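Me: I am new to this structure. Please take me through it in short questions and answers.

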Amino acid sequence: MSAHCQLTGAKPGFGKTISHSHRRTSRRFDPNIQRKRYWLASEGRHVRLTLSAKGIKTVDSIGVEAAVARIRARGVKV
């Protein structure tokens, strides 16, 4: 599963880890990605979405129908 949110578009960020001796090594900041299953009443079926923690909160506030509409507007198949 790729670390990419279908709703918010959150994806990994990249940077450096700096040790005590100040040596720099590359690292990756992954978003908190979860797979959630929602009931889509308009289609009479469940949809499984890959969402970040912020994306889950967004679905809770705007509703599943509006969230799926936004995801489809971005061109992602649900």
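Me: Is E43 buried, partly exposed or exposed, and what is its relative accessibility?
Reply: This is a predicted model, where local features need pLDDT of at least 70, side-chain atom pairs count only at pLDDT 80 or more, and totals for chains, interfaces and linings use all residues. Residues are numbered from 1 along each chain as its sequence is written, and side-chain values use heavy atoms, with hydrogens and water left out. Buried means under 20% relative accessible area, exposed over 50%, and partly exposed in between (1.4 Å probe, protein chains only). E43 therefore counts as partly exposed, at 35%.

Me: How many salt bridges does a search of the whole structure find?
Reply: Side chains of opposite charge can pair when their charged atoms come close. A salt bridge here is a side-chain nitrogen of Lys or Arg within 4 Å of a carboxyl oxygen of Asp or Glu. The search of the whole structure gives 3.

Me: Which residues are linked with E43 in a network of salt bridges?
Reply: R45 meets E43 at 2.7 Å, N to O. R72 meets E43 at 2.9 Å, N to O. That pair links distant parts of the chain, 29 residues apart: R72 is in helix α2 (residues 64-73), and E43 is in the loop between β3 (33-40) and β4 (45-52). The network partners of E43 are R45 and R72.

Me: Which residue forms a salt bridge with D30?
Reply: D30 is partly exposed, with a relative accessible area of 48%. The closest N and O atoms are 2.7 Å apart, and the partner is R28.

Me: Which residue lies over the face of F29?
Reply: A charge sits over a ring if NZ of Lys or CZ of Arg is within 6 Å of the ring centre and within 35 degrees of the ring normal. Here the distance from the ring centre is 3.8 Å, and the residue is R27.

Me: Which face do the buried residues of α2 line, and within what arc do they fall?
Reply: Helices are DSSP runs of H or I, at least four residues, and strands are runs of E, at least two, numbered from the N terminus. The buried residues of α2 are V64, A67, V68 and I71. The arc uses the directions from the helix axis to the C-beta atoms. Seen down that axis, these residues line one face of the helix, because they fall within an arc of 95°.

Me: Which elements do the buried residues of α2 pack against?
Reply: Contact means heavy atoms within 4.5 Å. The packing partners of these α2 residues are β3, β4 and α1.

Me: Is T58 buried or exposed?
Reply: T58 lies in helix α1 (residues 53-62). Not counting residues up to four places away in sequence, T58 touches L7, G63 and R70. Its relative accessibility is 17%, so T58 counts as buried.

Me: How far apart in space are T17 and V76?
Reply: T17 is found in strand β1 (residues 13-18). Leaving aside neighbours within four places in sequence, T17 is in contact with R23, R24, T25 and R27. T17 and V76 are 59 residues apart in sequence, and their C-alpha to C-alpha distance is 33 Å.
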